[in-house]
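Here are my notes on the model, as numbered points. Have the sequence and the coordinates open while you read.

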Amino acid sequence: MSLSYKILLKPEPEGGFTVNVPALPGCITYGADLEEAKLNAREAIELYIESLTEHGI
């Protein structure tokens with residue numbers, strides 16, 4: 001089963017992007033450029049869901 005999550009990309013004044021996943025509270029990451037931010041978001045989502053599963057949530 002494949003799920004999709006909306007991500008919010010916020011450009012930072014010092015460079016790079018902060019990424020927030022609204023559907024997963026506290027799931028936030030960063031990337032130095034857009035490509036890295038998207039890759040880090042995918043990894044953060046996977047780890048977040050893995051943690052929920054391990055904790056029986």
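1. Let me begin with the contacts. In this predicted model, residues 24 or more positions apart account for 14% of the contacts in the protein chain with a separation of 6 or more.

2. What is the pattern of elements along the sequence? Reading along the protein chain gives β-β-β-α, that is, 3 strands and 1 helix.

3. The strands deserve a look together. They form an open sheet in the order β1-β2-β3, and the pairing is antiparallel. Which strands are at the edges? They are β1 (8–11) and β3 (28–31), each of which pairs on one side only. From one strand to the next, the twist averages 25°.

4. Strand β2 covers residues 17–20, and its antiparallel pairing with β1 runs over 4 bridges. Within this pairing, please find Lys-10, which stands opposite Thr-18 in β2. If you are following the side chains here, keep in mind that in a regular strand they alternate between the two faces of the sheet.

5. How many residues lie between the strands in the hairpin of β1 and β2? There are 5, and in this hairpin Gly-15 takes a positive phi near 110°.

6. On to the helix. Helix α1 takes in residues 34–54 and lies across β1, β2 and β3. Its direction is at about 150° to β3.

7. For overall dimensions, the C-alpha trace of the protein chain spans about 40 × 20 × 15 Å along its principal axes. The protein chain has 57 residues, of which 21% count as buried.

8. Last, the charges. The protein chain carries 4 positive and 9 negative charges.

Definitions and conventions: Residues are numbered from 1 along each chain as its sequence is written. This is a predicted model: local features need pLDDT of at least 70, side-chain atom pairs count only at pLDDT 80 or more; totals for chains, interfaces and linings use all residues. Side-chain values use heavy atoms; hydrogens and water are left out. Helices (H or I, at least four residues) and strands (E, at least two) are DSSP runs, numbered from the N terminus. Buried means under 20% relative accessible area, exposed over 50%, partly exposed in between (1.4 Å probe, protein chains only). Contact means heavy atoms within 4.5 Å. Lys and Arg count as positive and Asp and Glu as negative; His and the chain ends are not counted. The place of a charge is taken as NZ of Lys, CZ of Arg, CG of Asp or CD of Glu. Two strands pair if DSSP finds at least two bridges between them. Axes are lines fitted to C-alpha atoms, for helices over the stretch in contact, and angles run from 0 to 180 degrees between N-to-C directions.
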